[in-house]
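Morning, everyone. I have one structure to go through today, and I will take it piece by piece.

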Amino acid sequence: MRLPGWKDLVETGPIILEPGNALEYKTGDWRTFRPEIDYNKCTTCMFCWLFCPDSAVKFDGKKVYIDYDYCKGCGVCASECPVKCITMKEEEK
Amino acid sequence: MMKTTFKKIAIEGNEAVALAMKQVNPDVVAAYPITPSTEVVQNFSNYVANGEVDTEFVAVESEHSAMSACIGASAAGARVMTATASQGLALMWEMLYIASSMRLPIVMAVSNRALSAPINIHGDHSDAMGARDSGWIQIYSENVQEIYDNIIQAVKIGEDPQVRLPVMVNFDGFITSHSEEILEVIDDDLVKKFIGEYKPKYSLLDVDKPITIGPLALFDSYFEFKVAQAYAIENSLPIIKKVGREFGDLTGRYYDVIEKYHTDDAKYIIVAMSSTCGTAREVVDDLRNKGLPVGLLKIRVFRPFPLEEISLALKNAKVVGILDRSMIPGSFAGPLYHEIVSGMYHLDQRPIFQPYVYGLGGRDITTEHINKVFSELKEIEKVGKPKGLIYIGVRE
């Protein structure tokens with residue numbers, strides 16, 4: 001994404017002119033630890049989906065999965081999982 | 001254009017602000033009255049109570065809230081005005097930056113007053129100079145007529161689609177805010193026509209075009225936003241001049257960003273702002289009658305700083321005395337001195353500059369003081385270099 005230069009900003013000032021574009025800001029690269037689901041243990045209880053503060057746990061109708069574009073790696077899902085099927089693994093460089 | 005005749009009335013500075021605000025008929029006024037600007041809010045709330053304006057008047061619990069409410073209303077697309085002074089302006093400080101950075105054309109009358117401590121309610125420029133880096137356009141008014149004229153022009157300047165910035169109209173607390181002078185009042189419909197209808201470029205209430213104002217911008221974007229803002233205020237200078245000319249076409253009173261008084265052939269020039277210029281003009285007249293080559297440069301617009309105009313007006317003088325009505329403890333001169341001297345440093349031809357600080361806390365500046373300044377400037381020419389900062393009229 002090309003960031004605007006100051007000349008592009010004189011007309012508008014600090015204003016975002018389109019709604020809903022927080023989606024374009026991928027916050028996944030803030031992550032240090034990456035949640036990984038062991039589907040052999042997962043009971044699809046949906047606790048992780050419910051507790052994720054960033055709605056980065058998705059449900060495709062059959063199973064839950066992590067949206068790594070937005071998951072910041074806070075670990076709430078792993079902590080809340082009643083069957084401990086989510087492990088936080090350090091991101092590799 | 002044909003010059004219309006206008007009704008003349010006797011009125012105080014603050015009342016003239018309120019009258020101009022009444023004629024502007026803003027959508028929202030949020031204010032917390034403070035000496036010496038109290039009558040602005042007092043008189044304006046009378047207009048509201050009497051149904052003479054359509055304004056939503058928001059009585060808030062502090063100046064911080066006053067400016068916050070103004071920002072919210074302006075972001076919503078309203079025409080917004082307020083007034084304050086001294087500690088009130090100081091309490092608004094963080095919100096001032098937000099108003100200007102978000103490019104909101106709020107018009108604020110500031111009855112300039114000293115800052116505590118010691119507590120003092122009288123006129124000096126410490127309050128406005130404290131806000132000089134806040135990104136607001138700053139206009140200074142010499143007398144009651146100028147206050148009234150500047151308030152009306154400020155609306156048109158700030159709302160210009162190329163500018164979209166807040167404007168502070170300054171005048172000396174008590175000296176001008178409470179002086180009863182003759183005012184030429186422009187007819188309501190002419191004021192209305194002059195300022196036009198406000199059509200905000202963006203509005204938070206425009207649900208068809210949803211926007212976000214003032215979002216987060218970190219190290220990857222904040223700098224670009226600030227440079228864009230600096231460009232906007234620098235480029236308001238020609239708009240301020242254009243509005244001053246249009247105002248002249250309407251009233252016969254033409255305004256520029258500076259006012260030169262006998263400066264063209266002057267060897268000794270005094271630079272000042274606001275009411276002191278009236279006193280200095282008297283002295284210039286008197287000394288000119290005695291054949292002395294003296295002049296006065298009045299700075300009407302301090303932000304954006306009209307460096308080119310000031311340089312042209314001063315460069316041929318021998319000695320220039322710069323009169324600051326505020327001080328910077330720990331520095332070697334006042335803000336006006338710093339701007340002018342550093343701005344003219346690179347010119348091949350420039351005068352000797354002598355810094356003065358005067359009139360703090362409403363201390364009188366008299367024709368005797370100004371006469372003494374001119375004799376000092378003459379002495380300095382002989383010596384060939386300036387003295388250190390001189391405080392006018394202070395007991396040792």
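B:Val271 stands opposite B:Leu297 in β12(B). This is a predicted model, so please keep that in mind for the rest of the talk. The strands around that pair are β11, residues 268–272 of chain B, and β12, residues 294–299 of chain B; they run parallel and are joined by five bridges.

Both belong to an open sheet of six strands in chain B, and the order across it is β10-β12-β11-β14-β15-β16. The pairing in that sheet is mixed. At the edges are β10, 258–261, and β16, 390–391, both of chain B, and each of these pairs on one side only.

Now, what lies across this sheet? Helix α13 of chain B, residues 335–344, lies across β11, β12, β14 and β15 of chain B. The helix runs at about 145 degrees to β14(B). Which residues of α13(B) are buried? They are B:Pro335, B:Leu336, B:Tyr337 and B:Ile340. Their cover includes the strands β11, β12, β14 and β15 of chain B, and also the helices α6, residues 126–130, and α12, residues 307–314, of chain B.

Next, the other sheet. Chain B also has an open sheet of seven strands, again with mixed pairing, in the order β3-β2-β4-β5-β7-β6-β13. Its edges are β3, 56–59, and β13, 301–303, of chain B; each has a single partner strand, so one side of each is left without a neighbour in the sheet. On average, and ignoring direction, neighbouring strands here are turned by 20 degrees against each other.

Inside this sheet, β4, residues 80–84 of chain B, runs parallel to β5, residues 107–112 of chain B, with four bridges between them. One pair to look at is B:Thr84, whose bridge partner in β5(B) is B:Val110. Helix α1 of chain B, residues 13–24, packs on the sheet and touches β4, β5 and β7 of chain B. The direction of α1 makes about 170 degrees with that of β4(B).

Two helix pairs next, both in chain B. Helix α7, residues 144–159, and helix α8, residues 188–195, have axes that come within 9 Å and cross at roughly 30 degrees. Because of that angle, α7(B) counts as roughly parallel to α8(B). From α7(B) the contact takes B:Ile152, B:Val155 and B:Lys156, and from α8(B) it takes B:Val191, B:Phe194 and B:Ile195. By class that is five nonpolar residues, no polar ones and one charged.

The second pair is α11, residues 276–289, with α14, residues 367–383, both of chain B; their axes also come within 9 Å, and the crossing is at roughly 60 degrees. That angle is why α11(B) is oblique to α14(B). The crossing is right-handed. On the α11(B) side we have B:Thr279, B:Ala280, B:Glu282, B:Val283 and B:Leu287, and these meet B:Thr367, B:Ile370, B:Asn371 and B:Phe374 of α14(B). This contact has five nonpolar, three polar and one charged residues.

Last, the contact between the chains. Chain A puts in twelve residues and chain B 20 residues. What is the chain A side made of, by class? There are ten nonpolar residues, two polar and no charged. The two chains also share strand pairing: β1 of chain A, residues 15–16, pairs antiparallel with β9 of chain B, residues 212–213, over two bridges. In that pairing, A:Ile16 has B:Thr212 as its bridge partner.

Note on methods: Residues are numbered from 1 along each chain as its sequence is written. Chains are lettered from A and ligands numbered from 1 in the order in which they are written. This is a predicted model: local features need pLDDT of at least 70, side-chain atom pairs count only at pLDDT 80 or more; totals for chains, interfaces and linings use all residues. Two residues are in contact if their C-beta atoms, placed from the backbone, lie within 7 Å. Ala, Val, Leu, Ile, Met, Phe, Trp, Tyr, Cys and Pro count as nonpolar, Asp, Glu, Lys and Arg as charged, and the others, Gly among them, as polar. Two strands pair if DSSP finds at least two bridges between them. Axes are lines fitted to C-alpha atoms, for helices over the stretch in contact, and angles run from 0 to 180 degrees between N-to-C directions. Angles under 35 degrees count as roughly parallel, over 145 as roughly antiparallel, 65 to 115 as roughly perpendicular and the rest as oblique. A crossing is left-handed if the near helix is turned anticlockwise from the far one by less than a right angle, and right-handed if clockwise. A residue is buried if 20 or more other C-beta atoms lie within 10 Å of its own, exposed if 12 or fewer, and partly exposed in between; C-beta atoms are placed from the backbone.
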